[in-house]
Amino acid sequence: MQKILIVEDDLSIQELLHDFIQEAGYQVVLASDGVEAIAKYSKQHYDLILLDIMLPKIDGYGVCEVIRQKSNVPIIMLTALDGEENQIKGLDLQADDYITKPFSMPVLLRKIAAVLRRSSGQDMPQMMYYKNLTLDLDGYKVYIGKESIALTPREFEILRELLIHKGRILTRQNLLQTLWKYEFFGEERIIDTHIKNLRKKLGTADYIETIRGVGYRIDKED
């Protein structure tokens, strides 16, 4: 089982990350400040580090710099600092990715998986095809033929789930439980809004069928 060190001082976010990532099948270790992170890293092997920047004692940049003197372990910076200069600084310190808050948990899991594949030398893009649709699962990109279609991460995830389960009806609750999980506290009809926007963007390539009173489905190819 791959082990991930989560370095985050906000306890509510720390708990959210812990539960979601552990449920995805990873072993999780937590650290609440920069000093604790460096101490825990020095005692055992980790396959990846999720690293907040605004930490007590030693900030994330400092932690990244110390670890990079010893190791090329994959590091994903996870922070509210969304300025270009902050991202450049993190990447200059050889962080493997930089994700700004707020973020989508399913997107984060995809990025974790992509970084782990790259670090293990398995950097092959994952693609999904349906008729004239192509989904780049790592890059969160959708193409109709050769034309790129701009979807939000949530629209992409809904389309991906429908395609994974071709021929099966997915209820709104199915989609909420799969994609929102701990993040969602609200009206399940938000799924209808995302489907409406998704259909508009897909245009004539929209293959999503509404099953009245039940949910949505994409049929299997003939």
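**Close-ups of a predicted model**

**View 1. Here's the largest nonpolar core of this predicted model.** This core has 29 residues, and the ones touching the most other members are Leu135, Val142, Ile158, Leu159, Leu162 and Ile191. Who brings in the residues? At least two each come from strand 6 (127-130), strand 7 (133-136), strand 8 (141-144), helix 6 (153-164), helix 7 (172-180), helix 8 (190-202) and strand 12 (215-218). Helix 6 gives the largest share, with 5 residues.

**View 2. Now we zoom in on Ile158 and what it touches.** Leaving out residues up to four places away in sequence, Ile158 is in contact with Leu175, Leu179, Ile191, His194, Ile195 and Leu198. Apart from this core there's another one, made of 22 residues, including Leu5, Tyr41, Ile53 and Leu55.

**View 3. Let's look at Lys3 and its partners.** Strand 1 (residues 3-7) and strand 2 run parallel and are joined by 5 bridges. For Lys3, the bridge partner in strand 2 is Gln27. Lys3 also lies over the face of Tyr46, 5.8 Å from the ring centre.

**View 4. Meet Tyr130 and Tyr207, an edge-to-face pair.** The model has 3 aromatic pairs by the rule used here. In this pair the ring centres are 5.2 Å apart and the planes are at 80°, so the pair counts as edge-to-face. The two partners are 77 residues apart: Tyr130 is in strand 6, while Tyr207 is in the loop between helix 8 and strand 11 (208-211).

**View 5. Tyr140 and Phe156 make a stacked pair.** Here the rings are 4.4 Å apart, centre to centre, with 25° between the planes. Tyr140 comes from the loop between strand 7 and strand 8, and Phe156 from helix 6, 16 residues apart. Both Tyr140 and Phe156 are buried.

Definitions and conventions: Residues are numbered from 1 along each chain as its sequence is written. This is a predicted model: local features need pLDDT of at least 70, side-chain atom pairs count only at pLDDT 80 or more; totals for chains, interfaces and linings use all residues. Side-chain values use heavy atoms; hydrogens and water are left out. Two strands pair if DSSP finds at least two bridges between them. Helices (H or I, at least four residues) and strands (E, at least two) are DSSP runs, numbered from the N terminus. A nonpolar core is a set of buried Ala, Val, Leu, Ile, Met, Phe, Trp, Tyr and Cys residues joined through side-chain atoms within 4.5 Å. Buried means under 20% relative accessible area, exposed over 50%, partly exposed in between (1.4 Å probe, protein chains only). Contact means heavy atoms within 4.5 Å. Rings of Phe, Tyr and Trp (its six-membered ring) pair if their centres lie within 6.5 Å; planes under 30 degrees apart count as stacked, over 60 as edge-to-face and the rest as tilted. A charge sits over a ring if NZ of Lys or CZ of Arg is within 6 Å of the ring centre and within 35 degrees of the ring normal.
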